[in-house]
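This briefing is intended for a reader who is new to the structure shown below. It treats the contact between two chains and then the surroundings of a ligand.

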Amino acid sequence: MGLVSAAAYETVETDVLVMGAGGAGLRGAIAAAEAGARVLIVCKSLLGKAHTVMAEGGVAAAMHNVAYQDSWEVHFADTMKGGKLINNWHMAELHAKESPERVLELERWGAVFDRTWQGRIHQRPFGAHTYPRLAHIGDRTGLELIRTLQDRVVHTTGVEVHMEVTVFALLKSEGRVGGALAYRRADGSLVLYRFGALLLATGGAGKMYRVTSNSWESTGDGTALAYEAGAQLRDMEMVQFHPTGMVWPVGVRGLLVTEGVRGEGGLLRNKDGQRFMERYDPDRMELSSRDVVARAINSEVEAGRGTPHGGAYLDITHRSPEFIKRKLPSMYEQFLKLAKVDITKQPMEVAPTIHYQMGGVRVDAETAASSVAGLYAAGEVASGLHGGNRLGGNSLSDLLVFGKRAGDAAAASAKKNPKAAAAGIDPAEIEHAIATLMAPLDRPEGENPYRLMAEIQDVMTEHAPIVRDEAGLAAGLEKLDGLRARAEVCGTGGGQSLAFNPGWHTAHDLRSLLVNAEALLRSALVRKESRGAHARSDFPKTDDQLASVNFVVEKTAGGMQVRPEPRPPMPEYLADAVQRSYALYTPEEME
Amino acid sequence: MADSDLDLRIWRGDAKGGELVSYRVPVTEGMVVLDAVLWAQANMASDMAVRWNCKAAKCGSCSAEIQGFPRLMCKTPIADYGDHVTVRPMRAFPLIKDLVTDVSWNYEVNKQIPPFTPSEKDMNTSEPWRMQQKDVDRVMEFRKCIECFLCQDVCHVLRNHDGKSNFYGPRFMVRIAALEMHPKDSLDRRPLLKGNAGLGYCNVTKCCTEVCPEHIKITDNAIIPLKERMDDAYFDPVRALIRRIGGGRKPKAV
Ligand code: SF4
Ligand code: SF4
Ligand code: FES
C-alpha cells in the first residue's frame, strides 16, 4: 500500500452527518439542528454551488394563489399520474400536503418570490400540473432556494460545513452505519467521520450519460454507497430525459432550457413548422409530462422531421420581448451569449438531455429511512415520490418536504443511538477502503480514468437511450463488465500528487457511476413494458399488471440482484383523488 | 470535428510557484473556455485543478482571469479570442493549486452579516405574507448573485495588502443591499456598513460592476444607495431624528 498509511486519518465526531449541500441536505441539516442534534455537512463542491441552482422553473405547491380550484388532492393526482402510478403513494400524499407549508416557511427565511397583483406568491403553469402551481422567481428559483437555505444554515447554531470533501466509504458496526471515510479534495488528507445517523443528499447520477444537464458531481455517490452498505435501491430504470436541452453549438449540448419556456407559452414545432405535440398529447400539448414530450421530440427526429442539428424548435417569439426578458431572463442571456440566438426573435433548437434520476435509495415515506439502520436519504438520491417520471417543479418541493422529514428522523435516530458514533468499526475495513482509494496513485501506467468515464457514458448513451430494447440492454451490461474490470485497475491519468488531483478523484467516481449504470440496465431489462421514462421498443405497451410493481435492487453474495416487489394498493380516498382527474395515459400509450 | 487548434495557456502551480503551460486543444463550434480547459484536463493534464459545476453560468464556480480579465470560464466563448488564450487563477485569493484558489474568506465574511430578520409582527402572524412585485423587483437584482467572487477579485481595495481586513468587498455590499431593501427585513445594518464592513473604503471605481456576469449594477444600485443611507444616518442628525419621529420605519432605497 502506497503513499499514505492507514493510520493517517483524522477522526471527527458528530450526531448527524449530512452528505451533500443541495436543497435536501441543507433543509435536512436545519431540521436536524433545530431538533437539537450536532450536524456536520460535507459536500464535494463549495457551499452554494450544488446542482439545485440549476432548477429554474419553480417549486410546486398547491397554495391555490392563482387557481383557487387547486388542492393537495389535485397535486397528488397529478404527481401520481405523471409518475405513471408506480410512485410511493404515501410519499406523494405527504409531498402534496406539506409543500405549501415548506414554501411559506422559506419565504419567512428571506426567500423572495414573484407576486400576484394582490401581493401573494405567484404561481406559474407547468407541464402536467393541472393548475398554475409553481412558485418562482424569474427563472432562477433553485438559486433562490439554495441561497436562502445556505444563509439559514450559516446562522443556525450546531451546524458545521466541510467543503470540498468527498466521502468514499461507509462503515457499519452491528448492522448500523456509524462511520464514513472521506478525503479532502485540496490536499488528499483523510477524515473518518463517526456519527449517530447519516443523511444522504447527494443528488443524481447524470454523469452516466454523455449529454447531460448535470455537473461533474452527479456521479451517484449516495446511491452507490448505500448499495454497498446493503441498502435497497428502487426504480433504478427510471431516469428522466428533460425534453429541452440545447443542441447547438456542440460545446453547450445538453445545457438545460427551462420548462418555464413552455410554461410561459413556448411552442414546439418540427422542421415543417408543425406543432407535433398534437399527435402525441392533444389535450396538454407542450405542457404534457416530460417523458411524453421527450419521446415526441425523439420520434420526430427519428422520422426525419428534426431541425438541422437534430432537435425541435421551441418558439416563444409570439410573446413580447419585454415579457420574455422579465420572465425568462437567464434563458434570454444563455442563448444570446452561447448560441448567438435572440429568443425574442428566433426559435430555440432543443433536444432531450439527461436530467434526473427518479430511482434511488428505497426509503420509508414518513422518515426517509433506508433499509439500513442509521441511514437516511432525501432528494434525488431517494426514490418513491416521482415513480416513473418526475413532474417539473416537484423536485424543489421534494427537497424541502423530505429534506425536513429526513433531518428530523436522523436527529431522533442519532439521539436514540448516542453510542453509535463510538461503536466498534472494523479497522481492517478502514484499511481496505483506504487502500482501494489510494491504489490508482500507485499505478502510473494505469488507464486514464477520464477516458473510462467517457466510455461508460458511451455505453449508457448507446444502450440505455430514451427507447430501449432487450438486446441493447443486455449488450450494455456485458460492456459494463469489461469497463468495471478496467476501472478496478485504472490509474489517475498521470498525476501522482494528493493535492487537488481531479484525475485521482475521477478514478474513484467511476466506481459510483458503475453501480448506478449496472442497476439501471438490470432494472430496465426486467421491466418488460413501457411506462413513464422507461420506454421499450420490444414492449411498447403499458402493462396494467406492472402498475403495482416496483423493482428493487440489492447487493447479494452473488452480485447485484433485481426483484419485483408488489406495492400495497392505495387507500380509497387517494384512489378517488386519482380517478376524479382526467385520462391516465396519453393516446400514444393507449395504442 | 476540430475546426482548428487552440493554444491554451494555463497557469500551473501552487502557492510556492508555477508557470504558464501550453496545451494544444482542438476547437469545436461554440466551445467555451471551460470546455477547452476540461479537454486539456481529460487528455493531457489529469491532475490540473479547476472548479466548475453547472457549465451554465449559474453556480459561480469557474471564475478565472482570462486574458487578464476576470470571467466565468463557462460563459466565455473561445471564438471571442484568436488562436490562443491565457487562463490564470483569480489573484485576490490565496492559491491552492492551478486555477483553484482559497475563497474561504468570503464565507467567513458572510457569517458576520446579520441575517434576514423580519419584524415581530410579521414573524408572529399566521397569515401568508403579502408583498408587492415592485418591492420584490428591487431586491431581485441583488439576489441574482451567483457568488462567483469576480467582483471581489477585481476590487482594488481587496487586492491591496490588508484590504480584506478593512472592507467586506462588493459581493457583500450586494448581500447587505439585498437584506436592507428586502420588504420584510427589520434590521438596520448601517452601523455595520460604517464599521467592520468598511463601506467607506470603496471609492466607487465601478470595476466590480464591469466584471459581474449577472450584470448586477453593484455600484449604482447597491453601493451608492448604501453609502447615501449610511451618510444619512451618521452625518445628518436632523434627518435621522425626523425619520425616528416618523414612526421608526426603515427608509427604503432610493
Ligand atoms: S466600486 Fe468600490 S467595491 Fe467596486 S471595485 Fe471599486 S472600490 Fe471595489
Ligand atoms: S455580485 Fe456579481 S460579480 Fe460579485 S459575486 Fe455576485 S455575481 Fe459575482
Ligand atoms: S460552471 Fe457554474 S458558473 Fe461556470
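In this predicted model, chain B and chain A together bury about 5100 Å². Carbon and sulfur atoms account for 52% of that buried area. The contact draws 64 residues from chain A and 64 residues from chain B.

- Between chain B and chain A, 6 salt bridges are found.
- E56(A) and K58(B) form a salt bridge through their side chains, with an N to O distance of 2.8 Å.
- The interface of chain B and chain A also holds 42 residue pairs in polar contact, with both residues of each pair at pLDDT 80 or more.

**The side of chain B that touches chain A**

- The elements of chain B that give two or more residues to this side are helix 1 (33-43), strand 6 (95-97), helix 2 (104-112), helix 3 (120-124), helix 4 (133-143) and helix 8 (170-180).
- Helix 4 of chain B contributes the most to this side, giving 5 residues.
- Sorted by class, the side of chain B that touches chain A comprises 32 nonpolar, 14 polar and 18 charged residues.

**The surroundings of ligand 2**

- Ligand 2 is surrounded by residues of chain B, among them the cysteines C145(B), C148(B), C151(B) and C212(B).
- I146(B), E147(B), F149(B), P213(B), I216(B) and I218(B) also surround ligand 2.
- By class, the shell around ligand 2 consists of 9 nonpolar residues and 1 charged residue, with no polar residues.

Key
Residues are numbered from 1 along each chain as its sequence is written. Chains are lettered from A and ligands numbered from 1 in the order in which they are written. This is a predicted model: local features need pLDDT of at least 70, side-chain atom pairs count only at pLDDT 80 or more; totals for chains, interfaces and linings use all residues. Side-chain values use heavy atoms; hydrogens and water are left out. Contact means heavy atoms within 4.5 Å. Buried area is the accessible area (1.4 Å probe) that two parts lose on being put together, summed over both. A salt bridge is a side-chain nitrogen of Lys or Arg within 4 Å of a carboxyl oxygen of Asp or Glu. A polar contact is a pair of N or O atoms within 3.5 Å; within protein, one must be able to donate a hydrogen and the other to accept it, and residues adjacent in sequence count only if both atoms are side-chain atoms. Helices (H or I, at least four residues) and strands (E, at least two) are DSSP runs, numbered from the N terminus. Ala, Val, Leu, Ile, Met, Phe, Trp, Tyr, Cys and Pro count as nonpolar, Asp, Glu, Lys and Arg as charged, and the others, Gly among them, as polar. A residue is near a molecule or strand if one of its heavy atoms lies within 4 Å of it.
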